[in-house]
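This report is an introduction for a reader who is meeting the structure for the first time. Please look over the sequence and the model before reading on.

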Amino acid sequence: MKRKYLLYAICVLAGISACSASKKGQGESISDLWKRYDVGIVIFEDKAPQTKGSDIYHRIIPDAESYIKEQARAVLATLYSSPEDSIPPVSKIHYTLEDIDGISAKGGDHGDITIFYSTRHIETSFANNDTIKLFFETRGVLLHELTHAYQLEPQGIGSYGTNRVFWAFIEGMADAVRIANGGFGPDARPKGGNYMDGYRTAGYFFVWLCDNKDPEFLRKFNRSTLEVVPWSFDGAIKHILGDQYNIDELWREYQIAVGDIQV
Ligand SMILES: [Zn+2]
């Protein structure tokens, strides 16, 4: 009952995007579709059991392993149409609570993934004893990091550390998945900027494209990394929406639509 209330509060708070799997009136069938998908072994390890943050975490998430698996399936349903798609296999997710600075980050590769979540960040997020706010933040951060485990990566343009386009796409998609699943509050969208800024600035734009240009946009955008090589934002846009579209013109259209540019 308590959990149901929490989830309800989260949906109301966040205003789940039409782009998310759950708002297509097929919530049941989508969860059925992914129910048996092997998301990998999830190993939860509390490396900071003496901290206040750890205590709070266990209170809001009593069964971390099944909670992480549930969110992994939400990520998969956002990025892919079905378990038969080309999904990078994940064999193991080692999720740790750690008493360190920062928020959360994904490490590892080839399906052997590590994700840490900072107990210091948990304590900061729980500053006003607001359980719903902390649960909301924890889920949002987890959706972002899990996207890194399952998303496809651009090819032919270098790597996350060497190419800004690669980086902006990877981080933009992780926040787009978080946004599409109602993982940010109503005022989280940054004003202005450019999609090359990655993270939320790019993420809200990608979700806008999904809501306004093609309801399958996020899945097609993820998949475009297999089909557009070398990958580019404009190449992917033309591949998905047609040659008449241009990434910078779409960005301007989006900025006008959301009221960041007055014309
Ligand atoms: Zn990230």
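## Overall make-up

The chain holds eleven helices and four strands, where helices (H or I, at least four residues) and strands (E, at least two) are DSSP runs, numbered from the N terminus. This is a predicted model, in which local features need pLDDT of at least 70 and side-chain atom pairs count only at pLDDT 80 or more, while totals for chains, interfaces and linings use all residues. Residues are numbered from 1 along each chain as its sequence is written, and side-chain values use heavy atoms, with hydrogens and water left out.

Of the 263 residues of the chain, 50% count as buried; buried means under 20% relative accessible area, exposed over 50%, and partly exposed in between, with a 1.4 Å probe and protein chains only. Contact here means heavy atoms within 4.5 Å, and among contacts between residues at least 6 apart in sequence, 65% join residues at least 24 apart.

Two packed helices are described by the angle between their axes and the distance between the axes. The axes are lines fitted to C-alpha atoms, for helices over the stretch in contact, and the angles run from 0 to 180 degrees between N-to-C directions. Angles under 35 degrees count as roughly parallel, over 145 as roughly antiparallel, 65 to 115 as roughly perpendicular and the rest as oblique.

Helix α4 (residues 64-79) packs with helix α9 (residues 217-227) at an angle of about 85°, with the axes 7 Å apart, and the two are therefore roughly perpendicular to each other. On the α4 side the contact is made by A77, T78 and L79, and on the α9 side by L218, R219 and N222. By class, this contact has three nonpolar, two polar and one charged residues, where Ala, Val, Leu, Ile, Met, Phe, Trp, Tyr, Cys and Pro count as nonpolar, Asp, Glu, Lys and Arg as charged, and the others, Gly among them, as polar.

With α6, helix α4 packs at an angle of about 60°, the axes being 9 Å apart, and that makes α4 oblique to α6. The residues that meet include Y67, I68 and L79 in α4 and F135, R139 and Y150 in α6. By class, the contact of α4 with α6 has twelve nonpolar, two polar and one charged residues.

S125 sits in helix α5 (residues 119-125) and counts as buried at 9% relative accessibility. Leaving aside neighbours within four places in sequence, S125 is in contact with K133, L134 and E137. T201, in helix α8 (residues 199-212), is likewise buried, with a relative accessible area of 12%, and the contacts of T201 beyond four places in sequence include P190 and W251.

R36, by contrast, is exposed, with a relative accessible area of 71%, and its place is in the loop between α2 (27-35) and β1 (41-46).
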